[in-house]
Amino acid sequence: MNTTTLAPAPDPSSAAAPLAACAPWTCPFCSLLCDGFGLQDGDPPQLLGSDCPRATKALAAFARPAAPVTPSIDGAPATLEATLDAAAARLAGARQPLFGGLATDVAGMRQLYRLANACGAILDHAHGDALMHALRPLQDRGQMFTTLSEIHTRADLVVCFGTDATNYPEFFRRCAPTANSELQRRTVFVGAVPPAQAIESSSVDIVAGQGDLFDTAATLAALVEQRRVSRPAPELAELADALRAARYAVLVWEPAQLPAHGALIGETLLRLVMSLNRSTRAGMFALGGLDGAQTANAAMTWLSGLPLRSRVGPRGLEHQPLQYATGRLLAGDEVDLLLWVASFGPNLPPPPTGIPRIVLCHPALAAHCAEKGTIFIPVATPGVNASGHLLRADGVVALPLHAIRDDGLPGVADVARALDARLALVAEDAR
């Protein structure tokens, strides 16, 4: 039987393997996709023009190992072709596979969706819970989101609700008004402590809130709509007045920092923004989409018309945001194979489970994939040792990522394409 093979991997130690450092460089390690910095190849690569702690920590995982990391089957080293054959056989025999993690770029997600069609898989991202917090308000009420450029050039009042944005260290620098701008900005933190970057870029205030985040959001929305509220906190009342008086207010929130049922907070904030837009301008900005979550969800929607937490089954596509959560499916033994994808670094190890696993991950996760029942294939990272595209947090642009070196690793799209070709031959032989 003929199978699709991947091109032979170049020797990373050869003189021709390293690529020229690219400047500017698009950072893939958070969904802001900062593209004004440089990157110098090294061991590990060095960030130029920024002290972003998230990027610096992520780049530390790209020091070249003493020995090349090889694919493995049940903990035993194997060739790439052998692991692909074994993975295809497991996919062909699975009754209900789950494609989880999904930390990849546009090309990788497109190929994974095609592979899911070939084997009837469920697709969910590692940050699926946070994605659903942002998705449910969109499904129920619509959206009024703004962009990084709009915040930078127009926002005179920025309200950070329940987040200090430290998971996105460059956010306040990206959105700060230019030095010669006439824009006078006030930044208010509700239920959070401001980081130094926010204090540097504008006038900053802190509002403690009223009760928990649910109560605070509901109270603030009622005050903005000038509904009767029993004994509101004076700070919230003042903030509601400021929101109504602002020329362009932006509510920033971070779905991953919300408690269970956080979608209700997102929906309340959306209602507040809709109310403001009757008399002034306002928008929302969700700080989310880490590890390619924004990209995976967008690519899934482009290709299928439905978001993640959907199944490509015999009755067509089914979207179940609660039923198809990775944690629930694994805990309930509702799937019999896990294909886990984590190409951006070692921070997303595959969850422990008693079912067979196929793991397409950063080489540093090899130690998590050495047990029986696991097929491991190390893959390249877009923006470091592979090229690709990612969708920015505001959803308005997909930015190109350029490799600074070639470590001889296949990309997620390459592996998914090879598996899809093998499954097609298995199906042809079965007819």
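## Basis and overall make-up

Helices (H or I, at least four residues) and strands (E, at least two) are DSSP runs, numbered from the N terminus. By that rule the protein has 13 helices and 18 strands. This is a predicted model, in which local features need pLDDT of at least 70 and side-chain atom pairs count only at pLDDT 80 or more, while totals for chains, interfaces and linings use all residues. Residues are numbered from 1 along each chain as its sequence is written, and side-chain values use heavy atoms, with hydrogens and water left out.

## Dimensions and packing

Along the principal axes, the C-alpha atoms fill a box of roughly 75 × 50 × 30 Å.

Of the 431 residues, 54% count as buried, meaning under 20% relative accessible area with a 1.4 Å probe, protein chains only. Among contacts (heavy atoms within 4.5 Å) with a separation of 6 or more, 64% come from residues 24 or more positions apart.

## The surroundings of D41

D41 lies in the loop between strand 1 (38-40) and strand 2 (46-48), and D41 counts as buried because its relative accessibility is 18%. The side chains of D41 and R405 are joined by a polar contact of 3.3 Å, that is, a pair of N or O atoms within 3.5 Å, where within protein one must be able to donate a hydrogen and the other to accept it, and residues adjacent in sequence count only if both atoms are side-chain atoms.

Notes:
Buried < 20%, exposed > 50% of the residue type's maximum accessible area, 1.4 Å probe, protein only.
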